[in-house]
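Let's take a friendly walk through a protein chain together. Have a look at the picture first, and then read on.

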Amino acid sequence: MELYVGKIADAPEMKDEVRWNIGILVNDGIIIEIINDERRLTQVKEQQITIIELGEREFLIPGFVDTHCHASQYPYAGTGVDRPLMAEDGFLMKYAFPTEG
């Protein structure tokens, strides 16, 4: 079991968010707990597990996402997934291109 501790870029409610000092408990490659509480994080750190402390310039992002994103497209993350990418009414024409300058 491993505990990753550090920053996580997350948007659980479609708000821009970076959470600090978060613990992510992983067992056999599966996330079993995300720890937001300092007291719980201390408890887990006291167990016989591998602890991976992320460095100052490191952070985690959720998996199964397209990490290729232009800054101007970030506000639209998760939208337009029901649209074709390049059609006249697609994601690029409706959301992306109007915001890029």
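## Who touches whom

Two residues are in contact when heavy atoms of theirs lie within 4.5 Å. Keep in mind that the model you see is predicted. With that in hand, turn to I31, which lies in strand β3 (residues 30–35). If we leave aside neighbours within four places in sequence, I31 is in contact with I24, L25 and V26.

Is I31 buried or exposed? I31 has a relative accessible area of 52%, and because the cut-off for exposed is over 50%, I31 counts as exposed.

M1 sits in the segment before β1 (2–9). With a relative accessible area of 38%, M1 is partly exposed.

## A residue with positive phi

Most residues other than glycine have a negative phi. D28 has a phi near 50°, a positive value in a non-glycine residue. You can find D28 in the loop between β2 (18–27) and β3. D28 is exposed, at a relative accessible area of 71%.

## How confident is the prediction?

The chain has a mean pLDDT of 82, and 83% of its residues reach 70 or more. Confidence is highest in strand β4 (residues 50–53), with a mean of 95, and lowest in strand β5 (residues 59–60), at 83. Where pLDDT is low, the predicted coordinates should not be read in detail.

Methods: Residues numbered from 1 in each chain as written. Predicted model: local features only at pLDDT ≥ 70, side-chain atom pairs only at ≥ 80, totals over all residues. Heavy atoms only, no water. Helix = DSSP H or I, 4+ residues; strand = E, 2+ residues; numbered from the N terminus. Buried < 20%, exposed > 50% of the residue type's maximum accessible area, 1.4 Å probe, protein only. pLDDT = per-residue confidence, 0-100.
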